[in-house]
Amino acid sequence: MAIIGPTASGKSDFGLQVAAALGGQIVNADASQLYRGMNIGTAKLSTAERRGILHHQIDVLDIADEARVASYQRWARSDLAATRAAGARPVVVGGSGLYVRALLDQLDIPPTDKMVRAHWEEALDKRGADALHAELAVQDPVAASRLDARNERRVVRALEVIELTGRPFSASMPRREYVEPTVMIGLAADRQVLNARIAARVAAMWRDGLLEEVVALEAMGLRETPTARRALGYSQALAHLDGALSAEQAQTDTAIATRKYARRQMAWFGADPRIIWLPHDAPDLLAQAFAAITQAHPTT
């Protein structure tokens with residue numbers, strides 16, 4: 001089964017409850033939690049907080065590595081198989097929509113090329129996201145209609161794939177077809193409640209040492225990384241260290257960016273009719289989730 005939903009909806013804690021009740025293991029589907037050292041800013045559960053439950057796809061990348069969906073798909077699917085082979089129930093937990101789809105759904109991932117990617121990233125810097133999205137609309141109207149112009153990395157990726165393969169990017173976009181029978185539980189929260197939880201989380205991260213974490217990661221090359229430096233909270237902390245933002249403004253900007261990200265997550269997941277949405281704060285949430293599993297009769 002899988003536990004998905006927007007950031008700050010309580011996925012990690014609920015995933016632990018489910019895994020403990022099922023005798024399961026967690027397979028992470030949060031792209032930022034793949035990185036070693038990115039702990040506070042990603043709300044990663046500490047080893048003690050994991051309560052002895054094995055977590056896969058946590059701390060598997062160095063800070064200088066680029067997170068790649070194709071690599072994640074290969075290794076995470078291997079973790080699913082290993083979990084089942086050990087007689088345990090895999091519980092996928094995370095909010096990175098494409099990673100969830102790559103793990104659970106039929107998805108053939110096209111090749112990548114650093115030089116072609118660099119060309120389109122340079123075009124993004126020079127021409128802006130709207131111009132690149134407009135170009136995508138000319139080359140692949142279907143993909144452009146499905147991708148938000150603000151999702152700059154996905155637009156760049158789409159143009160890269162079109163150049164490399166000569167085929168529309170939309171031809172390789174995920175289909176809503178599970179590789180293995182799965183039940184997806186979504187944790188739903190009222191927007192005002194979620195916004196308050198996001199604000200509290202950001203404040204707690206700074207209080208718990210996010211800035212110190214970023215300083216340590218900066219010494220390891222955070223600024224030069226293709227993906228990690230853009231993570232929520234980390235880019236704002238770097239701007240604060242540069243003197244571009246005050247500590248208060250960095251926290252405010254992080255909360256704003258996180259709220260926008262949560263809305264994009266809900267737009268992504270909300271379009272999937274297979275997800276069973278349950279209230280994140282329901283007192284009988286675990287019982288509701290198990291009822292959904294029983295009704296669906298999954299085999300995984």
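Helices (H or I, at least four residues) and strands (E, at least two) are DSSP runs numbered from the N terminus. The model is predicted, so local features need pLDDT of at least 70 and side-chain atom pairs pLDDT 80 or more, whereas totals for chains, interfaces and linings use all residues. Residues are numbered from 1 along each chain as its sequence is written, and side-chain values use heavy atoms, without hydrogens and water.

Within α7, the stretch R154, V155, V156, R157, A158, L159, E160, V161 and I162 is buried (under 20% relative accessible area with a 1.4 Å probe, protein chains only; exposed is over 50%, partly exposed in between). After α7 comes G166, with a positive phi near 70°.

Strands pair if DSSP finds at least two bridges between them. β5 runs parallel to β1, to which three bridges join it; here I4 stands opposite G186 of β5. Four bridges also join β5 to β6 (residues 276–279), again in parallel, and I185 has I276 of β6 as its bridge partner.

The largest nonpolar core holds 47 residues, and M38, Y72, V92, L103, L222 and Y234 have the most contacts inside it. Such a core is a set of buried Ala, Val, Leu, Ile, Met, Phe, Trp, Tyr and Cys residues joined through side-chain atoms within 4.5 Å. Elements giving two or more residues to this core include β1 (2–4), α2 (69–85), α8 (191–207) and α11 (247–270), while α3 gives the most, with six residues. Apart from this core lies another, of 20 residues, among them F14, I53, V91 and V93.

Finally, Q57 lies in the loop between β3 (55–56) and α2. Q57 counts as buried because its relative accessibility is 9%. Its side chain makes a polar contact with that of D79 at 2.8 Å. Beyond four places in sequence, the residues that Q57 touches (heavy atoms within 4.5 Å) include V27, Y72, W75 and D79.

Note on methods
A polar contact is a pair of N or O atoms within 3.5 Å; within protein, one must be able to donate a hydrogen and the other to accept it, and residues adjacent in sequence count only if both atoms are side-chain atoms.
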